[in-house]
Amino acid sequence: MADALAVINCSQLVTLAGARRPRVGAELRELAIIEDGAMLVRGERIKRVGARTEIEPLIEGDCEVVDAGGRVVLPGFVDAHTHPVFAGTRADEFERRARGETYQEIAARGGGIRATVRKTREASEDELVAVSRRYRNWFLRAGTTTVEAKSGYGLSVEDELKMLRAIRRLGEEGSLRYVGTFLGAHDIAEEYRARRDDYVRLVVEEMLPRVADAGLAEFCDVFCEERVFAVEESRRILGAARARGLGLRVHADQLSLSGGARLAAEVRAATADHLEHADAAGIAALKSADVQPVLLPCSVYALGATKYPAAREMIGAGLAVVLATDFNPGSSPTPSMTMALSLAATHLKMTPAEGVTAATINAAHSLRRGHELGSLEAGKLADFVIHDCADYRELAYFFGVEHAREVFVGGRRVFSRGAARLQDGV
Ligand code: NIG
Ligand code: FE
């Protein structure tokens, strides 16, 4: 690796430079694009961004020059809600849903999250790391350089710790950055079905202390939903997590209006995620507590549902919206942030610019990484992507296409599609 890098010939250098806080309202549309832009990187950090005419004279002899070829350059996507470690797949359930069963019916028949829990419990930590490398590659190839990564398919003390250790190892051995979230309250473990209070006690009194003491997670999440964790149970778990110094995230109002958004506001969570069924009072509560909504349109799409979250109302209320994939083996088997951008435009009526802000700088802030990730500004980590288009709006417009052509993490090239050539020579 050359210690210095110059990226030149960017049709649009989409910097997202701006206020050092999550963006709201009209700010979501301000991408601070530098046309014919260039960027200097030294070591793992960005040294300078500017117009090509300004940057080129500063390029020194030892500097590797990366010619973007008139393409757009964006910060790496920050995917602030994923479940990227699990054993097995649920392709069988996918087929059953195509034949007419619903996600909830399959869950009630012992499938869903519980099916993945059974397989994940059987896997060793090494096996989990091995299968999850495949998904790590997918994220990077899709232009994502940071993921928030939840546990939640272990549901016992040892299996939750195993998942979180696997997440930490995946981050240490590879280029993708992982931010760990403890989701022991993803479902009631099978063996606790008849005594749910005992499961909540297990999460609070045994799992949380072990997770916090081992420093294995920065956040704690709860699936607050009818028939999963009730508001009162969720409040107890989140309160205990807060007392242990963890930041809070909540799966809120996904399948029904269950009070998750209001709870997220009450406990001053960093984020309330999903929110398909949140009402106006829930949105107002999020605003009053500065909670960031994390919208996950890929899971609505993949479940064949029609009720998408009310993004325009949230933006109108001044919320610092985040977009994420919710990558998981059940409700959202996609690592593609550009798919999320596409659905955000077609179903949430977010403009491509709003989507990009929600998928980068706002997402970084939701993970307490806004000071070093999510925008291309001097001093920040050099996580950036050259996409194969000249106009950033094409990332949302052409969907089902892998746009990322070269991906850099901390100033190091970790993926390059440039060498691929079709046999007909195109
Ligand atoms: O975010 N809502 C709960 N958890 C996931 C689904 C996980 C699964 O089906 O395995 C979600 O949609
Ligand atoms: Fe989720």
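**Figure 1. Asn 9 in strand 1 of the predicted model.** Asn 9 lies within strand 1, which covers residues 4–14. The structure shown here is a predicted model. The phi angle of Asn 9 is near 65 degrees, a positive value in a residue that is not glycine. Most residues other than glycine have a negative phi.

Figure 2. Although Asp 290 is not a glycine, its phi is positive, at about 55 degrees.

**Figure 3. The hairpin of strand 2 and strand 3.** Strand 2 (residues 33–42) and strand 3 (residues 45–51) are antiparallel and pair over 6 bridges. Within this pairing, Leu 40 stands opposite Arg 48 of strand 3. The two strands form a hairpin with 2 residues between them. In the turn, Gly 43 has a positive phi of about 60 degrees.

**Figure 4. The hairpin of strand 14 and strand 15.** An antiparallel pairing of 4 bridges joins strand 14 (residues 404–409) to strand 15 (residues 412–416). Glu 406 has Ser 416, in strand 15, as its bridge partner. This hairpin has 2 residues between its strands, and Gly 410 takes a positive phi near 55 degrees.

Figure 5. Strands of a sheet pair through backbone hydrogen bonds, either parallel or antiparallel.

**Figure 6. The pairing of strand 10 with strand 11.** Strand 10 (residues 271–274) and strand 11 (residues 292–295) run parallel and are joined by 3 bridges. Thr 271 stands opposite Gln 292, which belongs to strand 11.

**Figure 7. The residues around ligand 1.** The space that ligand 1 takes is the largest cavity. There are 15 residues around the ligand, of which Arg 90, Tyr 103, Tyr 153, Gln 254 and Ser 331 come nearest. Sorted by class, the shell consists of 4 nonpolar, 9 polar and 2 charged residues.

**Figure 8. Histidine side chains beside ligand 1.** A nitrogen atom of ligand 1 lies 2.8 Å from an N or O atom in the side chain of His 186. For His 251, the distance from a side-chain N or O atom to an oxygen atom of ligand 1 is 3.1 Å. An oxygen atom of ligand 1 is also 2.9 Å from an N or O atom in the side chain of His 274. Is ligand 1 buried or exposed within the protein? Taken alone, ligand 1 exposes 330 Å², and the protein buries 100% of that area.

Notes:
Residues numbered from 1 in each chain as written. Chains lettered and ligands numbered in written order. Predicted model: local features only at pLDDT ≥ 70, side-chain atom pairs only at ≥ 80, totals over all residues. Heavy atoms only, no water. Near = heavy atom within 4 Å. Polar contact = N/O pair within 3.5 Å; in protein donor to acceptor, adjacent residues only side chain to side chain. Areas by Shrake-Rupley, 256 points an atom, 1.4 Å probe, with all protein chains shown as cover. 1 Å grid on protein atoms, 1.4 Å probe; cavity = no way out; pocket = protein on both sides within 12 Å on 5 of 7 lines; lining within 4 Å. Sits in = over half its atoms within 2 Å of the grid points. Nonpolar A, V, L, I, M, F, W, Y, C, P; charged D, E, K, R; others polar. Pairing = 2+ DSSP bridges.
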